[in-house]
Every structure is written in structure tokens, then in C-alpha cells.
Amino acid sequence: MSEVRSDRQYTQTHEWVFDNGDGTYTLGISDKAQELLGDMVFVELPSGGDEAQSGDELCVVESVKAASDVYAPADLEVIEVNESLEDEPELINSSCYDDGWLIKFKAESVDGLMDSNSYEDTLDSE
């Protein structure tokens, strides 16, 4: 069973969003996503200051199995990227909710995302 943390919101495409409480958010991929992808070998991150619209391709995570797009969960501006992933993409596998985060961003809102219970329901139906 994949770990789902109750302090995060989730997307249908297996991204998680954490509200940092200061008008910024942190984004990563869920435990289910990293399990499906397998061992990470490369991460292509956006740059600080980049903007994206909800649903846009934001970055790419590449594993030994496949490359997968990560989508913007809201209209956002990237304020920080996890530079540790350049040398250690496997942090996504070992710590997807903590050390393996992808970006931090500013957004007006992240309305419409699933809470942990709703996300678990989607995992159960897959």
C-alpha cells in the first residue's frame, strides 16, 4: 500500500501539494507515482521565475522504466527548485514527501485538489 500523507493535497496525475502556510506551496510526486515509475535516474526541473498554467507540463521525471511529465496543479510561479535532485534523483524514491520534493511555488489558490481520503479512494479503484 502506498503512503498517502494527510497534510497534503493530491492531483489525479499523482502530484502532491503541501501548503507551507506563508502563501507558498511545495510540489512533488506521490509515493504511488514513484512506485510505478521505479528507480529515478534524471529530473528536468523548471527555473525559478518560470510560470505555468494549471495542467501545463512543469517538469519531467525519468526512471529506468519511463519518462513522465509532472503537471502544474494550479496557475503558479516557480520560486525554488530542489537542486539536490540534479545529483541525487533517487531522493524521489527514498523520500518523495520530504527530501525528494520538486519545486516550491506561489499561487493564488490550489482549489480543486483532492484531500488524502479522496486520493486514497482513487488509488483503491486503480
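Colleague: In which segment is Arg8 found?

Modeller: Arg8 lies in the segment before β1 (9–10); strands (E, at least two residues) are DSSP runs, as are helices (H or I, at least four), numbered from the N terminus. This is a predicted model, in which local features need pLDDT of at least 70 and side-chain atom pairs count only at pLDDT 80 or more, while totals for chains, interfaces and linings use all residues. Residues are numbered from 1 along each chain as its sequence is written, and side-chain values use heavy atoms, with hydrogens and water left out.

Colleague: Is Arg8 buried or exposed?

Modeller: Buried means under 20% relative accessible area, exposed over 50%, and partly exposed in between (1.4 Å probe, protein chains only). Arg8 counts as buried because its relative accessibility is 7%.

Colleague: Which residues does Arg8 touch, not counting residues up to four places away in sequence?

Modeller: Contact means heavy atoms within 4.5 Å. On that basis Arg8 touches Trp16, Val17, Phe18, Tyr97, Asp98, Met114 and Ser116.

Colleague: How many residues has the largest nonpolar core?

Modeller: A nonpolar core is a set of buried Ala, Val, Leu, Ile, Met, Phe, Trp, Tyr and Cys residues joined through side-chain atoms within 4.5 Å. The largest one here has 27 residues, and Leu76 is among those with the most contacts inside it. Elements that each supply at least two residues of this core include β3 (24–29), α1 (31–37) and β8 (76–81). Apart from it lies another core, of nine residues, including Tyr10, Trp16, Trp101 and Leu123.
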